[in-house]
Each structure stands twice: as C-alpha cells, then as structure tokens.
Amino acid sequence: MATAQQRGGTLTVGLGYDIDTLNVYSTGFLGDVQAAVVEGLVAPDAKANYVPVLATQVPSVRNGGIKVAADGKTMTVTYRLRPGVKWSDGQPLTSADVKFTWEAVKNPKFIAESKDGTEDIASIETPNATTVVVNYKRVAPDFMSTLFTFGILPKHTLEGKDLNTDSYNEKPLGTGPFRVKEFRRGQYVILERNPYYWRKDSKGVQLPYLDGMIFKIIPDSNTLVTQLRTGEVQLAYSIPYSQVKQIDGVPGLRIVKNNVLSWQHLDFNLKTVDAFKDPNVRKAFAYAINKSAVSKALGGYPNPINSVVVPVFSYANAAVPRYDYNLTRAKQLLDAAGWKPGPDGIRVKDGKRMSFKIMAQAGRSTDEDAQQVIIASLKQAGIELQPDNKSGVAFRDARYKGNYDLFYGGWITSADPTYSVFFGSKGVNNGQGYSNPRIDTLLTRAESTLDPAQRTAALREFQSALMADLPSIPITTNPSMIAVTEKLGGFVPNPTNMTNFVNTSGWYLK
Amino acid sequence: MNAAHLLKRLLGTLPLLLGVSLLLFGVLHLAPGGPLDVYADNPSVSPEALAQMRVAFGLDQPLPVQYVSWVTAFFTGEWGYSIRTARPVSQEILERLGPTLILGGTSFVLSLLIALPLGIVSAVRRYSGVDYLITFLSFLGVSMPVFWLALMLQLLFAVQWRVLPSAGIQTIGSDSVLDLLHHLILPAFILAFASVAGWSRYMRSSMVEVLGQDYVRTARAKGLTAGKVVYRHALRNALIPIITVVALDFATILSGAVITETIFAWPGIGRLFIESMNGRDYPVLMALMMAGSFALVISNLLADLAYAAVDPRIRYE
C-alpha cells in the first residue's frame with residue numbers, strides 16, 4: 001500500500017507500435033493508453049476473472065443480474081452503475097451513456113473494428129440514471145468479453161457527431177484515472193491525473209497516486225531496451241526473450257513475467273494439402289516436434305502445452321491425448337501411412353516428396369526462431385520444410401485465406417475466449433479449412449449456456465476431441481516479459497487482451 | 001534556360017507522373033491483402049463490420065473505377081482519408097514532413113560539407129597516407145549496416161557516457177531548438193555517414209580524372225600555385241558528375257530514412273510509409289509515393305539547372 005509521500009510522479013512507458021487512434025473501438029491494436037483513460041462496466045483482473053468497475057457487481061445468474069427467458073432462448077442482463085462517477089470533464093456518468101455506447105458502436109456509419117456483441121442486443125432500457133437493462137437476442141455467455149467491457153462512450157459530447165473523424169479519436173473522454181493532455185502522433189501521449197476520478201484507496205486517499213503517465217512510441221525493440229537502460233523509459237512489455245537476461249542485470253530494473261492467454265501452434269492446411277488429410281501424418285508431425293527444444297531456443301521462457309486451452313483456465317483439460325516427443329513413433333506412423341524414406345532422406349509417397357512450406361510472421365524473431373527448431377525437428381523424421389515467411393497484411397491475408405501448407409503462429413485471447421472462431425467450420429479465423437461436426441456441436445453447446453458446469457464439460461470434451469483429431473498442434477504458451485523500474489509499486493500484470501494498463505489507479509512511484 | 005523551356009519541361013512531367021501513378025496503383029493492389037485485413041486480425045471483429053468498411057472506403061468498386069476516382073481526386077488536391085487513422089492524408093503527411101526535412105536536410109548539408117573536401121584531399125594527395133585512410137573510412141561507411149552503427153553509438157553516447165539522448169525528436173514537454181539539436185546529433189550523423197562515404201569516392205575519382213587533363217597540366221606549366229590549379233581550374237569541372245549523384249540523393253530526403261527513423265523513434269515520413277505499407281493504407285501510400293516521384297522529377301530538373309550554372313558550355317535550348 002502506498003503512503004501519502006508516494007503520491008505523485010510521472011511514469012514513462014515505452015510502446016513498440018505507432019498508435020493509430022485513441023478510440024478503443026476503432027484501433028487496430030490492443031488499447032494500452034486507452035485502458036488508462038476509458039473504463040468499462042467490468043474488467044478482467046490479474047487472474048482473468050471479471051471484476052466490477054463502473055458497475056457495482058458482475059452480473060450473474062446467481063446474483064440475479066442475468067435472467068434467462070422461460071423459453072431459454074433469450075436473456076436479460078441488468079447492470080447497476082456505481083453512483084457518483086463523473087467523466088473527466090466533471091459531467092456525471094449515467095445509464096444513458098451505456099445505451100449511447102451500444103447505439104454509437106452499432107451505427108453502420110461508424111467504421112469500427114470491434115462491433116462484436118452489438119448485434120446480439122435487441123434493446124436497452126434505462127429505468128433510472130444508474131440502472132441499465134440489456135435485452136439480448138440470444139443466450140450469450142461471452143457478453144462480458146465485448147462491448148461494455150471495452151469502454152463506455154460519453155453521450156453528452158459525442159451525440160450527433162461523426163465518430164470516424166471526431167476529435168474523440170485524439171482526446172478520448174473517459175471515466176478512468178487519467179485523461180489525455182497531449183497526443184503527438186508518432187511520438188508520445190501525455191496523460192494527466194483525472195481530478196474527478198471516483199476511486200479511493202482503503203485509507204480514503206483519492207486515486208490515482210501518479211500525477212501522470214507518458215507513453216513514448218519507440219518502434220525499434222533494441223532502442224526500447226536502450227531507453228530502459230538509460231532510464232528514459234521506466235516500463236516496457238514484450239521484451240524480446242534474447243534481451244531479458246541483459247535487462248535483468250541493469251540496476252533499478254526488474255523483470256516481471258506475465259503469463260498471457262496465448263498459445264503458439266502449428267496449423268495444417270486441410271483444404272489444399274492432401275497429405276495432411278491423413279490423421280496419422282498429422283500425429284507423426286506432433287510426435288516429431290520437440291517442444292522443449294522450442295522452449296529452450298527461446299531462452300526457456302515458453303511452457304510446452306498439450307491443448308489449445310492454456311492451463312490458466314479452470315476448464316483446461318489435462319487428460320487430452322498427448323503426443324510427447326517420440327521420433328521412433330513418428331517414423332513408424334509415417335512408414336505405415338506409406339511415406340517411405342527416399343534417396344536423399346526425405347520421405348516419398350507415389351513419387352511425391354514430403355516437402356512443404358511453413359509460414360510464420362516475418363520479423364517476429366521469437367516465431368522465426370521457433371520455426372527453425374520445428375524445421376530441424378521434422379527433418380529428423382524425414383520431412384522437409386521450407387520457410388515461407390510474410391509480413392504485415394500479406395501474412396494476415398495468407399492466414400485467413402489459407403494460402404500456406406503449414407502455419408506457425410500464436411493467438412492471444414480475452415478472459416473468455418470463443419474457440420469456435422478458430423476451430424468452428426464457419427470460424428472467421430479458421431483459414432485452414434478445418435471442419436468437424438462433433439467439434440461444432442460441442443462449441444455451440446459451450447458458447448450458448450450460462451451454466452458453468454455444462455460449459456466446462458463441453459469445453460473439456462472439445463479439447464479431447466480436438467487433440468484426437470489434431471488439425472493444429474499446440475506447441476507452447478509464451479509469456480510476455482515486462483521490464484519495469486524497481487520504483488514502481490502496485491504494478492500487477494494483466495494476462496488478457498485488455499492489456500497491463502487496465503488498472504493503473506493503484507500504481508505509485510517509490 | 002529560359003522560362004518557356006522550363007514550363008515545357010514541367011508540363012512534360014505530367015504524362016510521366018500519370019504513368020507512374022498507374023504503375024504504383026497497379027503494383028500496390030496486386031500485392032496480397034488489403035487495408036481491412038488489419039482489422040480482421042482481431043478475433044472479435046465481425047464480417048458485417050468488415051463489409052460496412054469495404055463500402056465506406058469504396059473498396060467494393062472495381063479497380064479501374066477506384067483508380068480513376070483516385071486520379072481525379074488527387075489532381076484536385078483531394079488526397080482522401082487514411083484508412084488506418086481516418087484523418088486527412090494531407091494532414092498525416094504534413095505532420096511527418098517537418099521532422100523528415102529537418103533530419104534529411106541536416107544530414108544532406110553535413111554530408112556535402114564533409115564529403116567534398118574529403119574527396120578533393122584524397123584526389124590531390126593520391127596514394128598518400130591520408131588518401132588510404134580516407135579510402136579505408138569510406139569503405140567502412142559504405143559497408144557498415146546503419147542499424148549496427150546506430151546501436152553502437154547509442155550504447156556509447158546514451159548508455160555509457162550519458163551525453164546524448166538515445167531516441168526521439170525532443171524531450172517530452174520541451175519545444176526548445178537546442179533540445180531538438182541535441183536529439184538531432186546522432187541520427188543526422190549516422191544518416192550522413194553513408195552518404196559521405198559514397199559521395200567522397202565520386203568526388204575523388206572525378207577529381208583525379210580532371211587533374212590528369214591537358215588544361216590542368218597547362219595551368220601547372222604556366223606556373224600557377226597548386227591551390228589555384230585545383231580550386232580555380234579543376235574543381236568546377238570535377239563537380240559536374242557529382243551533381244547528378246547528389247541531386248538524386250536529394251530526392252530521397254523527402255521520402256525519409258526508414259531505418260534511421262525507426263531506430264531513433266524519429267516521427268518522419270519513412271516511418272509513416274512503413275506503417276502504411278504494413279496496413280496497406282492505400283490513400284497514404286499513393287500520396288507518399290506520388291510525392292516521392294514528384295520530388296525525383298524536380299531533382300532531375302534542378303540537376304540540369306545546376307549543370308548549366310556550373311558549366312557555362314552546357315546550354316538548354
């Protein structure tokens with residue numbers, strides 16, 4: 001806990017990307033700066049559990065916040081807003097702002113990247129200033145990982161404005177601990193204390209403790225590390241694994257490991273590559289990949305995993321079919337599948353060499369290093385892989401359309417991931433063309449029930465079925481390494497896609 | 001060169017620029033992916049939202065239609081909106097132009113001031129110790145990767161000695177010129193280093209050639225001092241080939257220095273280009289590349305003018 005003397009000071013944070021807009025609903029990145037300025041009704045905490053922010057409690061069936069209709073097809077979510085909350089311009093936050101947020105984001109004229117969840121809502125009622133009743137068109141257990149969790153928009157300054165071009169995108173108005181003082185594109189964002197912030201600490205001291213925060217934009221990771229060493233930057237995340245040890249030795253800095261909700265995986269293209277349609281071939285790949293070697297090549301920080309559901313989640317299934325590194329088994333499976341070693345050691349079947357292209361994101365050194373280990377691993381089993389790396393939009397395009405043989409990459413999810421987008425037959429991120437009716441059924445069941453026991457059962461079964469089928473080999477879960485000054489107190493990393501800056505009010509400088 | 005000729009030259013660039021624009025537009029749109037793929041990267045984006053955006057940006061139109069509407073808009077000064085930030089392209093570019101001109105301009109002047117004397121000294125004292133030293137340094141400059149040199153100098157000046165800032169254009173909150181100059185030293189020097197290396201080699205070989213000419217020998221035979229021979233008689237002619245090289249490099253100032261700007265977190269055009277490229281932000285990319293092409297055309301024109309100024313024998317009719 002901070003003392004009165006520890007109030008004040010400015011924290012300088014280094015960001016490795018160029019901010020496009022400060023509007024949480026239309027940025028192409030996860031909103032780091034935005035999270036310190038704009039608040040939602042609820043937010044995930046350090047353990048990826050939702051906690052109340054602008055709402056007084058997290059709605060659930062048990063506390064009466066969620067009511068499912070008698071026919072079981074729709075639901076109603078009621079939020080009670082915290083009384084006395086003000087926007088950083090002094091105006092009060094009311095239920096009308098929440099309703100406005102839904103209308104503004106849903107508006108077809110607003111070009112937003114995050115409209116998820118708006119279509120599920122049929123109507124919103126605001127019986128009084130602190131009550132919001134949201135009527136859903138379906139039972140949507142994932143309602144918290146969208147819309148009102150990202151942030152609430154101020155009706156009194158945005159009503160009738162064009163959100164695509166409004167100055168809100170440079171200077172968002174929020175209820176968070178800080179407000180934007182200055183945003184210079186390509187350079188920095190200066191945040192200052194929000195004098196109207198609602199939260200006080202346990203001793204009744206007005207939060208936030210910090211006077212302000214500065215987010216400096218430094219695209220080159222080597223320069224970011226240099227700035228940490230000179231003290232020009234006091235906090236930076238996603239430090240390259242190769243530089244963690246170097247930073248750990250710098251006096252005044254410490255390294256914090258954040259077990260983000262991410263998993264790295266090797267995907268098979270099931271649409272166009274005939275060889276991968278044989279499950280035994282896919283299994284042979286899994287047996288031939290030495291996951292510990294992958295981890296070791298990345299400084300030992302990643303943890304090998306056996307399921308696409310990372311161990312953080314309570315419904316992670318430890319009893320899924322496993323494919324521990326076993327070269328002999330891999331070779332046996334390939335032999336049995338008709339792929340026999342050819343003259344150059346690479347396997348051949350019906351005159352076709354077992355040679356594929358493996359795509360990863362160019363320039364992402366962690367992924368490229370892992371890719372090299374995988375290539376070397378599979379070579380041992382007589383499989384030839386050639387790197388085919390792409391960058392930026394070309395990479396994404398190939399991933400969505402499935403223009404690859406094999407794809408190595410990672411996903412980071414919200415506290416409440418929707419796995420059907422990756423593995424459902426119609427999943428928007430399913431570029432590999434995977435389709436399995438049983439998986440679809442299980443995911444639909446998991447994603448349309450509010451009963452935790454049923455949801456857990458369906459998700460556990462989904463993992464087992466997926467690992468038995470093996471369209472994608474889970475490899476490791478990669479933590480994000482954060483370098484932070486020893487002077488910063490109250491800092492707790494956040495593993496979700498809401499970023500580390502989702503709760504900055506309790507941070508203080510010693 | 002008279003005004004009519006200048007006008008003719010300028011008008012002649014129009015079809016050239018139009019052809020360049022068609023080529024750039026085609027190449028850009030042939031590259032895989034589109035601007036909306038950036039949005040699709042987020043698992044929570046819906047296909048409906050993407051469809052709305054496609055219509056809003058006119059990306060649903062056939063390519064020829066998109067091209068024609070782009071050309072007409074561009075030549076009326078309407079450069080459109082950035083898909084990435086939703087701000088006017090002209091504003092986006094203007095904001096980044098200042099830092100790029102400061103960095104590029106400084107390093108350009110610095111390069112000229114260092115490269116020309118170095119080249120001359122090298123040529124005049126051919127095969128001496130000084131010549132070998134300069135030759136060695138310029139090979140070092142040409143072959144040393146910019147990012148490596150930048151990292152080393154950052155480590156030395158910012159981490160070890162703490163005399164210079166490692167990155168950025170200014171101390172946050174400070175708008176003083178002195179602070180800007182302080183931040184300018186490292187990136188400008190590094191950017192100049194490679195140019196100096198190249199230009200001084202050109203200067204040297206050009207000078208060596210001129211010094212072997214008959215008229216220089218005549219001047220020497222008449223008993224002129226070495227200084228007069230070199231600076232009055234030889235230098236003017238030796239400069240002519242250099243102008244071409246320098247003028248073409250001049251155009252690149254406007255395009256920004258991608259690597260240097262990225263390493264030093266310098267908010268210039270080079271970085272804007274990379275970000276726009278990674279996001280396939282067509283309006284910004286087209287505007288940047290057209291501006292770059294225009295700068296190249298203008299630099300060529302300037303080089304021709306400079307030729308005439310330096311060498312009175314060259315006349316444009």
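A salt bridge here is a side-chain nitrogen of Lys or Arg within 4 Å of a carboxyl oxygen of Asp or Glu. By that rule, the count between chain B and chain A is three salt bridges. The model is predicted.

On chain B, 49 residues are in contact with 47 residues of chain A. Together the chains bury about 4000 Å² between them. Carbon and sulfur atoms carry 56% of that area.

Now turn to chain B itself. An unreviewed UniProt entry places the feature "domain: ABC transmembrane type-1" at residues 97-307. Over this stretch the chain is 82% helix and 0% strand. Its end C-alpha atoms lie 28 Å apart.

Follow one helix, α10(B), which covers residues 226-255. It has 30 residues. From first C-alpha to last it reaches 41 Å, close to the 44 Å expected at 1.5 Å a residue. The helix bends by about 55° at A234(B). A234(B) is also one of its buried residues.

Other buried residues of α10(B) include V230(B), A238(B), I242(B) and V246(B). An α-helix has 3.6 residues a turn, so residues three or four places apart point the same way. What do the buried residues of α10(B) pack against? Their partners in chain B are α5 (89-124), α8 (177-211), α9 (214-221) and α13 (282-310).

After α10(B) comes G256(B). The phi of G256(B) is positive, near 80°.

Key
Residues are numbered from 1 along each chain as its sequence is written. Chains are lettered from A and ligands numbered from 1 in the order in which they are written. This is a predicted model: local features need pLDDT of at least 70, side-chain atom pairs count only at pLDDT 80 or more; totals for chains, interfaces and linings use all residues. Side-chain values use heavy atoms; hydrogens and water are left out. UniProt positions are given in the numbering used here, feature names are shortened, and annotations may be inferred rather than shown by experiment. Helices (H or I, at least four residues) and strands (E, at least two) are DSSP runs, numbered from the N terminus. The expected span of a helix is 1.5 Å times one less than its number of residues. The bend at a residue is the angle between axes fitted to the seven residues ending there and the seven starting there. Buried means under 20% relative accessible area, exposed over 50%, partly exposed in between (1.4 Å probe, protein chains only). Contact means heavy atoms within 4.5 Å. Buried area is the accessible area (1.4 Å probe) that two parts lose on being put together, summed over both.
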